[in-house]
Amino acid sequence: MQLQCKLILAHLNIWQHDSLPAKLQWLKLPSERLLEIHISDNDGRQDIHSRITPHTWWVSQITQFSPGVPIVLESRLNRLPVSVVRQEYIHVQRLVANIGLLP
């Protein structure tokens with residue numbers, strides 16, 4: 001029996017902040033090894049669940065995500081106006097849909 005794990009991309013940014021190749025290795029895990037992929041951003045020092053921007057380290061690598069693995073948005077949006085939260089969800093949905101992870 002293989003162990004399954006959650007791939008938490010913000011944690012990779014902290015643990016492997018100086019090594020893009022080390023981060024990218026984790027993106028190559030086969031889908032049967034992944035329970036879910038957690039997406040957010042941070043400053044490389046703390047897991048602050050920042051909003052996802054075009055500068056978020058994994059955005060350019062999103063095509064390497066395993067299809068069929070649930071994606072969990074972990075960004076802290078609770079202090080933002082509802083209209084901004086809606087826009088954030090639309091942004092993330094488009095990002096994920098553009099790579100074929102959503103119908």
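Which residues on the other side of helix 3 are exposed? They are Val82, Arg86 and Arg94, where exposed means over 50% relative accessible area, buried under 20%, and partly exposed in between (1.4 Å probe, protein chains only). The model is predicted: local features need pLDDT of at least 70, side-chain atom pairs count only at pLDDT 80 or more, and totals for chains, interfaces and linings use all residues. Residues are numbered from 1 along each chain as its sequence is written, and side-chain values use heavy atoms, without hydrogens and water.

Helix 3 also has a buried side, made up of Val85, Glu88, Val92, Leu95 and Val96. These residues cover an arc of only 95° around the axis, so they lie on the same side of helix 3. The arc is taken from the directions between the helix axis and the C-beta atoms. The buried residues pack against strand 2 and strand 3, with contact meaning heavy atoms within 4.5 Å. Helices (H or I, at least four residues) and strands (E, at least two) are DSSP runs, numbered from the N terminus.

An open sheet is formed by 3 strands in the order 1-2-3, with parallel pairing. Pairing requires at least two DSSP bridges between two strands. Strand 1 (5-8) and strand 3 (71-73) are the edge strands. Strand 2 (residues 34-39) pairs with strand 3 over 3 bridges. Histidine 38 has valine 72 of strand 3 as its bridge partner.

The largest nonpolar core has 19 residues; Leu9, Ile37, Ile39, Trp58 and Phe65 touch the most other members. Such a core joins buried Ala, Val, Leu, Ile, Met, Phe, Trp, Tyr and Cys residues through side-chain atoms within 4.5 Å.
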